[in-house]
Amino acid sequence: MDNEATTVINNGDNTDTNLPANIPTDNGSRRSSRVGSARSGRSKAASVREAPAVDGSNERKTSANGVTSPKPDVITNGDRQHSAVVNSKPASPIVPIVDTPSGEFDDDNMNQEDGHVKSEIESIFEYIHKLVTLPGLDEKMWTDGIHERIRDYLNDPDNRIMCFYIDRVLGLCVDFGVPTNPFTHLVFFIKNQAIRIFEKEQFIHEVQYGNFGGKHFSSLLRLMSGLYAPLFFGNKMWPDSIKNDFASQLHRFLATLTDIRWRMEGITKLYIPKEGLDIPIEQAAKDKELVQRLESAMVHWCRQLKDVSHSQDASIVDENSGPLEEIEFWKARSQDLLGISQQLDQQSIKQITQILKIAKSSYLSQFLKLADQLQSNTKRADNNLTFLLALKDPCHELADAKPNEIPRILPKLISLIRVIWINSEFYNRSEMLTALFRKLSNEVIRRCTAAIDLDKIFDGNIISSQKTLNECIECCQQWQEIYNNAQSLHEKFSLKGWRLDKTTIFAQIEAFIQRCRDLLDLCECQMHFARWEEGVRTELPIFGGQRGPSINRMLTEIETAFDKNLQELRKVQHTILNVKATTWHEDYNRFRSAIKDLEVMMTNVITYAFDAVKTVEQGVEALDVFTHLNSREAIRRTLDKKTVDLYNIFKYVLQTIQSIISTSSIPQSLDRFHPHYAGSAFWARNLKRRIERMMSFLNMAHFLPNVGISTNIRQQYEYVKQALDDFIQRQFKEWSYHIENEPTKKLECPLIKRINDEGYLQANFDPSLIKLFQEIKFWERLGFDIPPYATEILSRKNELRTARENVMLIVRDYNRILDKLEPNERILFKERLKVLDKKLAPGLNKITWLKPTHEYTIECRIHASELQQQVDKFKQSYLDCIKLCKKISETLLVKIDTRKIFENLEFEEYQVNKNKKILSDLVIYLESEYHICGFVERFTVH
């Protein structure tokens with residue numbers, strides 16, 4: 001009570017009255033200040049005392065007896081208007097206002113006494129600024145909108161009340177009536193009568209002001225009971241008829257105010273009239289008006305006692321409280337009933353009861369009956385509290401537990417509830433026990449709700465949020481299971497039936513589980529359509545090919561649309577975990593409808609991406625990108641269809657290979673460097689590796705759904721694989737059958753042979769041996785064992801390869817010489833070619849591939865190289881001779897200068913001089929030709 005805020009009311013004369021709980025009620029020191037019409041012509045010497053104005057320039061003094069009585073008029077709210085919402089911009093300069101004949105502020109008369117009007121309006125604003133003292137008020141909150149509202153209040157006679165308060169969202173607000181929005185502090189201004197106000201002095205005289213802060217009803221009750229009630233009840237000058245009627249209404253008002261003030265704290269307080277307690281009981285019983293007022297108070301007591309009696313089932317009706325609230329309810333009820341009993345034992349109530357007993361009041365019997373019932377209710381409340389206190393420690397533990405810790409606590413609580421059920425005298429009704437179990441469900445929901453962070457869910461922390469939601473669902477399901485087990489044990493071993501309404505107990509649990517599942521679905525949507533995992537977006541898949549950028553753009557559009565719908569859902573997140581909020585279903589259904597549209601868009605993306613798939617590997621990669629969407633029915637159908645298409649691609653490859661094997665078309669597909677048999681086997685092995693690689697992709701793709709076609713295709717794969725193995729084995733057997741038993745005999749032939757009449761040479765190495773070496777090479781790579789008769793020649797493979805390459809060098813050198821010489825030129829080199837042929841003769845007749853060829857090769861290549869050099873020199877000399885002959889043929893013996901005119905013998909002398917130079921050049925050409933011919937003659941003849 002000491003900490004309650006005090007209501008400050010200021011009269012029109014600006015006299016502040018701070019009213020404590022007990023204020024002296026000296027009637028002689030209280031005078032009415034200003035009741036009646038406005039006194040516009042009031043001067044500073046008026047008879048009514050005025051408090052010092054806030055404006056220092058108009059300071060006024062108040063006499064010692066300056067406490068004034070309030071105006072008894074009833075103030076109505078009038079037409080309520082919307083509050084002026086505060087913006088954080090500073091106030092603009094105030095526009096001067098002049099009173100027009102009609103009473104409105106008119107800008108046309110602004111020039112009249114402009115300085116005076118401006119100063120008065122500004123003075124009123126400054127005065128109001130100083131009177132409005134609200135916590136958190138800033139000068140920036142006094143905006144033009146607020147000042148306009150003040151002008152409307154001053155200008156409109158119908159606006160008699162103006163209230164200032166601060167809203168948490170809107171800021172400083174002004175209402176012309178009692179605000180409908182919640183507030184903690186309020187400053188009000190009340191006009192004494194419906195008038196317009198134009199001057200500060202008029203405002204001071206005609207407007208009362210005050211403030212409410214904290215507990216308003218407490219302040220009002222203290223003011224009424226401490227100041228006004230003693231003042232009115234002690235007034236001896238009013239006529240009895242007026243005083244009796246007013247006192248009756250005042251008692252009724254004080255009784256209601258007392259009830260409201262203490263009921264807000266959960267206490268039942270009986271209003272005890274102070275009137276008539278200071279006179280003898282017999283005298284008071286004879287005063288019919290007083291007895292009637294006391295009977296009215298007793299009727300109010302009876303109503304309060306009935307309400308207290310009926311409120312014992314209030315906790316059953318409350319669907320949102322928990323077990324601790326149930327304990328606190330019975331604790332508060334026990335204390336309340338005890339407090340009522342103590343009030344009934346007060347001397348003042350006993351005296352009023354005695355007065356009404358003497359006066360033979362008809363209300364006394366009902367009051368006494370209710371007082372007796374109060375004792376039984378007190379006993380009931382004490383008994384219930386005694387048993388319920390056994391639940392206090394486990395309930396506190398439950399109130400601090402996490403969802404995964406709750407199932408450990410619940411069995412103990414159920415056991416204690418069964419103890420209360422069996423042993424309590426009053427707390428054993430089925431509806432009370434059902435309500436208690438429902439409160440346990442409420443506490444479980446409350447703890448799970450505290451564990452769920454909706455902001456984390458909407459910010460993309462999916463993994464941790466899913467874990468929490470699953471724990472909450474598991475906790476609620478275990479609570480149902482624990483309850484069912486306890487019910488089974490109770491019905492098995494107890495004589496009392498378990499007649500509790502299970503549907504009522506778990507209705508909210510079922511609703512909460514569904515909300516958690518909705519949130520799990522929301523988490524999945526964020527993973528599917530926004531790539532959220534744990535507060536971080538995963539990388540957007542990179543699609544290759546020409547369709548890659550288009551696919552990425554389509555996925556980005558889907559994410560943008562999803563984020564927009566998610567933000568719309570986030571605006572109503574306060575209703576998600578509130579199972580009583582039915583609007584969540586409508587909001588979530590709109591969200592699910594939008595998700596279905598996104599699913600359609602995603603299926604189009606999958607189809608568009610899969611249209612470019614041509615191989616199994618590409619198909620597996622494409623399905624891997626979208627496999628996380630497999631939990632959605634519409635998308636799963638599309639993925640199943642694309643999986644079938646993927647298996648069909650593999651099926652087509654198997655059918656193609658099977659057709660190749662059945663038609664024996666593999667050899668025609670071989671490269672010309674591959675051997676016939678081993679090349680076919682090698683080709684078949686590559687086909688086998690190809691389908692094995694495809695199957696390995698399918699086997700590693702564990703995410704692929706099971707489709708009916710997969711089993712048949714896997715069986716076909718095994719069949720084709722076995723057919724390829726059989727084909728390889730068949731090719732090896734055929735090759736082994738066609739190999740000669742003694743392939744080394746083919747090496748008993750000369751190294752070189754002539755291939756035509758022109759004398760060209762060729763290496764005389766059997767081509768079948770080359771094929772044999774190729775076959776052996778490939779069969780070894782295939783891992784087959786080479787036959788023994790082929791192994792012998794294989795041991796000489798490197799030696800024969802070296803000999804064959806050396807012989808090929810000799811052949812190429814000899815054939816190159818023949819290629820450079822024309823048929824007539826070969827006659828010039830006839831003798832030298834004969835010498836070279838003698839060096840090559842052993843390779844043409846005697847030396848075979850079984851003998852060493854190294855020395856023979858070196859000697860032959862040396863002679864061939866020498867002859868090649870001579871041929872090259874001959875060819876170069878021949879070219880030089882041709883060039884010289886061409887120069888001689890192009891040399892002119894006569895030189896004519898067409899630009900000059902010759903006279904007499906001048907032309908002849910000019911020609912003689914030119915011929916000398918030409919002859920010298922010809923001599924040089926001929927000498928060079930002679931030297932070349934002599935050189936050629938030397939190396940061709942000798």
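## Gln731 and its surroundings

Gln731 sits in helix α23 (residues 708–738). Helices here are DSSP runs of H or I with at least four residues, strands are runs of E with at least two, and both are numbered from the N terminus. Setting aside residues up to four places away in sequence, Gln731 touches His676, Tyr677, Ser680, Ala681 and Trp779. Contact means heavy atoms within 4.5 Å. Gln731 counts as buried because its relative accessibility is 7%. The cut-offs are under 20% relative accessible area for buried and over 50% for exposed, with partly exposed in between (1.4 Å probe, protein chains only).

## Model and conventions

This is a predicted model, in which local features need pLDDT of at least 70 and side-chain atom pairs count only at pLDDT 80 or more, while totals for chains, interfaces and linings use all residues. Residues are numbered from 1 along each chain as its sequence is written, and side-chain values use heavy atoms, with hydrogens and water left out.

## The chain as a whole

The chain holds 30 helices and 10 strands. It has 942 residues, and buried residues make up 45% of them. Take the contacts in the chain with a separation of 6 or more: residues 24 or more positions apart account for 74% of these.

Strand β7 (residues 185–191) pairs with β8 in the antiparallel sense, over seven bridges. Two strands pair if DSSP finds at least two bridges between them. Phe188 has Gly210 in β8 as its bridge partner. His185 stands opposite Gly213, also in β8. Strand β5 (residues 161–167) pairs with β7 too, again in the antiparallel sense, over four bridges. There, Phe164 stands opposite Val187 in β7.

Both β7 and β8 are well covered. In β7, six of the seven residues are buried. Strand β8 (residues 207–213) has five of its seven residues buried, so it is largely enclosed by the rest of the structure.

## Helix pair α12 and α13

Helix α12 (residues 392–399) packs with helix α13 (residues 406–423) at an angle of about 155°, and their axes are 10 Å apart. Axes are lines fitted to C-alpha atoms, for helices over the stretch in contact, and angles run from 0 to 180 degrees between N-to-C directions. The angle makes α12 roughly antiparallel to α13. Angles over 145 degrees count as roughly antiparallel, under 35 as roughly parallel, 65 to 115 as roughly perpendicular and the rest as oblique. α12 passes α13 in a left-handed crossing. A crossing is left-handed if the near helix is turned anticlockwise from the far one by less than a right angle, and right-handed if clockwise.

On the α12 side, the residues are Pro394, Cys395, Glu397 and Leu398; they meet Ile406, Arg408, Ile409, Lys412, Leu413 and Leu416 in α13. By class, this contact has seven nonpolar, no polar and three charged residues. Ala, Val, Leu, Ile, Met, Phe, Trp, Tyr, Cys and Pro count as nonpolar, Asp, Glu, Lys and Arg as charged, and the others, Gly among them, as polar.

## Helix pair α16 and α17

Helix α16 (residues 462–493) and α17 pack at an angle of about 160°, with 10 Å between their axes. That makes α16 roughly antiparallel to α17. Their crossing is left-handed. By class, the contact of α16 with α17 has 17 nonpolar, seven polar and four charged residues.

## Loop residues with positive phi

Most residues other than glycine have a negative phi. Lys360 has a positive phi of about 55° although it is not a glycine. Lys360 lies in the loop between α10 (347–358) and α11 (364–388). With a relative accessible area of 75%, Lys360 is exposed.

Arg531 also has a positive phi, near 60°, and is not a glycine. Its place is the loop between α17 (502–530) and α18. Arg531 is buried, with a relative accessible area of 18%.

## Thr575

Thr575 is in the loop between α18 (548–570) and α19 (583–610). Thr575 counts as buried because its relative accessibility is 8%. Leaving aside neighbours within four places in sequence, Thr575 is in contact with Arg515, Ala581, Thr583 and Trp584. Arg515 is 60 residues from Thr575 in sequence, and their C-alpha atoms are 10.0 Å apart in space.
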